[in-house]
Amino acid sequence: MKRAWIPAVIVAGVALVALLPVFVKSDYPLGVMIGVLLAISLGAAWNIIGGFAGQYSVGHSAYFGIGAYSIVVLLGRGLAPWWGALAGSFIAAAVALLVGSITLRLRGAYFVLASIAVAEILRLLALWAKSITNGAEGILVGEFPPLTLAGHTITDFTGKPPFFYMALGLAVFCVAVNAVIAHTKLGYYLQAIREDQDAAWSLGIPLSLYKNAALLISAALAAQAGALTATYVSFMDPNSMLGLDVSVRAVLVCILGGVGTIWGPVAGAIVFTLLDEVLLRYLTQSHLLGLGALLIAAILFLPDGLMGLVTRLRQRSRA
Amino acid sequence: MIRLLQAVLGGLLTGGVYALIGAGLSLIFGVLRVINFAQGELVMLGMYLTWLLFTFLHLDPFVSLIVVMPVLWMLGWALEALLLDRMHGALPQNQILLTMGLGLVLSNGAMMAFTSDYRLVSTTYSSSSFMLAGVALSQPLAVSFVLTAAIATALWVFLARTDTGMAIRATAQDRDAAQLMGIDVRRMSRLAFGIGAALAGAAGALIAPTYYIFPQVGGSFTLKAFVVVVLGGLGSVVGAMLGGLIIGITESLSATYISTELKDVCVYSLFLIVLIARPGGLLGKAE
Amino acid sequence: MLRVESLSFAYGDAQVLDSVSLEVGKGEIVALVGANGAGKTTLLRTVSRLVKPVSGKVTLDGEDFSRLRAHEVVRRGLIHVPEGRRIFPEMTVRENLRLGSFTTRTDRERNLEKAFALFPVLLAREGQLGGTLSGGEQQMLALARGLMANPRLLLLDEPSLGLAPIIVKQIFETIVAINQQGISILLVEQNVYQSLHIAQRAYVLERGRVVLQGEGKALLENPDVKKAFLGA
Ligand SMILES: Nc1ncnc2c1ncn2[C@@H]1O[C@H](COP(=O)(O)OP(=O)(O)O)[C@@H](O)[C@H]1O
Ligand SMILES: [Mg+2]
């Protein structure tokens, strides 16, 4: 089954999205699109450990928050944001390695609970370590130094378009990582682990090695999503960056779109972000009510997500 | 020495409430094999109901138990029948997410209904205390501890001695075998969820005089309840009771000797340690 | 009294029962034998409504089971003693027996006396947790628990599995004794020789189909049965 047109369509699609800021000049739609792209990044990051490996972490706010705090705190200390973002991924990966080596042995509900506990510990520590994080009062993110190349200023990071391109780049990168994993040995092993850990183990697949690798990659990407989100919204506190909401959002995006599929996080992020915009308008601060209802409805009626629905429709039209 | 005694006794009193919430969670898990992530939100509903009864009908929060428990029981029954019953045999992850969604709906629904203002049930005794062995103890917490002990005993007698209670335990131990005894396991699931919700509601009513009431208050109770239940072993109601007291004491010892801000960090760290060292819970068999 | 008519069942695409028909008359012991994986357990689970068939019909004294749920079948006197005994491990012997009489509370004391008379060892172990009993004791408890529900028809799934020969003999004697009280029995066994010996009639199940049926003693002489099950 050769479908050579698929890469072409993808490249064209990304190029089309990249051209959007040229035509869309008002801030609101651009802001929504940045929201979609950031949600894709977070969802695609989660999808590696939750989707492919089947280890439902509900504590990804930990890595998201580490990325956010690393870039912002280091920026405040005078370190350029790209170094801060890189540092965030390294710290998140290191924490993931530590957390994974002890919690990935746990199964099912126990792993879920442990992942929440880890994230909650980090949130409480961030509230406590006021000298670094400014506690519950939060931090106003400092301005980015302009990006220059050979004396020319490329961008000074004012307005939305620079963030739009960074978010687009990150989203494409995260989805690409998913695609690569899905088509390599790592992806096959992770799926074997998801289907049946004991069977995978008896086939000689080193469970903890692959699960830890998945968590590490997932955490490093989630940290980038956090770093970009924090600098984009330009304000952060422990609850908004390390709270349970973030973790639930990561999972929900994938559930809506289709867990463990390459395009699931993309479809889920679009639906999620647009719906959340509408809900924010009508329910204001209770907008999570709608998300909760959405989550319930998705699980009851669409357990395989939108991609599952697409597959089912395709099978029906073929039959 | 007095400081230590104060911390242990104070922790015991709050631990009783955690025990109640945890026992409900454990019962629900035992019978339905579902971890109810909305357990804390049921506590929150119990608190608001108590607040309503206190504010508009001037009903004492401890007396309001007789209203709060049946109302939450019915709510739990209905939630099981409408949502969880359809999820039987579904992936555990999806069941967890379903109850998370339910929690979001309940807490944000409460925000719409009651705004996010902090509410208080300020009874005449809310801040009164008494001396025991040279230690000052909160009077409402002491009353709530006694009531907790009474409810826990009633629950134990129900589960251990009555036919229906035994049927619930049988359903938890072996669902198929229970059906072969003529037990309607779906009804038992409803009953168990109802009782679990009633216990959460009772906890809400019991702590209403001493806590701020706001829509997001449930989250931390849900987490604490997990800790309680994992310490005691998932599905073991007696274990949950013990776990609750341990958590209460841990919390209050770390508040006294480490820092109030870090007490929950200590609780969750203890949780992780136990989870890794004894996955079957403190009372359970180590795997 | 029990009629199973063209019962079929499948796990997904895997057909496990293929149009099985059989009958158990009043007061009979009927044996159902077959190799491992033939579908015997699945047949019993379908009859007692733990799983729903794809097609076919089960009736007890003319009453159609298609709309009943598993716990409702019990009240009609059809008691299924499942494979692997499935006693409640964290309950005492007495509590297990009490659950057996969940639908027959008024006869509880009388049935308890009868059960202890039939299996005196259970009286000695009455306060012990089910999970701590030996295999033979667990099987006796499972049988006794089934009797607590006033059965008219007992479905027994491999009651002798994994037991020492002397205990097996005792279990088979008990089955005959239970039958002599007027309780019909559908007996699933791997222990083909002994079960054909005590059964009036028997069916042989092979990959989800009934391939042979007849009188118990006659099947013992059947060359195919001899070759397949009796190692001759
Ligand atoms: N839960 C299940 N899912 C899928 N297949 C099953 C399941 N249980 C049993 N089977 C299959 O159904 C067939 C019949 O099994 P069973 O009724 O247990 O046979 P018997 O009791 O005669 O040994 C076997 O091939 C078995 O692999
Ligand atoms: Mg079998």
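How many salt bridges are counted between chain A and chain B? The count is one, a salt bridge being a side-chain nitrogen of Lys or Arg within 4 Å of a carboxyl oxygen of Asp or Glu, and the side chains that meet in it are those of K130(A) and E261(B), at 2.8 Å from N to O. This is a predicted model, in which local features need pLDDT of at least 70 and side-chain atom pairs count only at pLDDT 80 or more, while totals for chains, interfaces and linings use all residues. Residues are numbered from 1 along each chain as its sequence is written, chains are lettered from A in the order in which they are written, and side-chain values use heavy atoms, without hydrogens and water.

Between these two chains, 37 residues of chain A are in contact with 36 residues of chain B, contact meaning heavy atoms within 4.5 Å. Together they bury about 3400 Å², of which 82% lies on carbon and sulfur atoms; buried area is the accessible area (1.4 Å probe) lost on putting the two parts together, summed over both.

Strand β1 (residues 2–11) of chain C is joined to the antiparallel β2(C) by seven bridges, and Y11(C) has A14(C) in β2(C) as its bridge partner.

Definitions and conventions: Pairing = 2+ DSSP bridges. Helix = DSSP H or I, 4+ residues; strand = E, 2+ residues; numbered from the N terminus.
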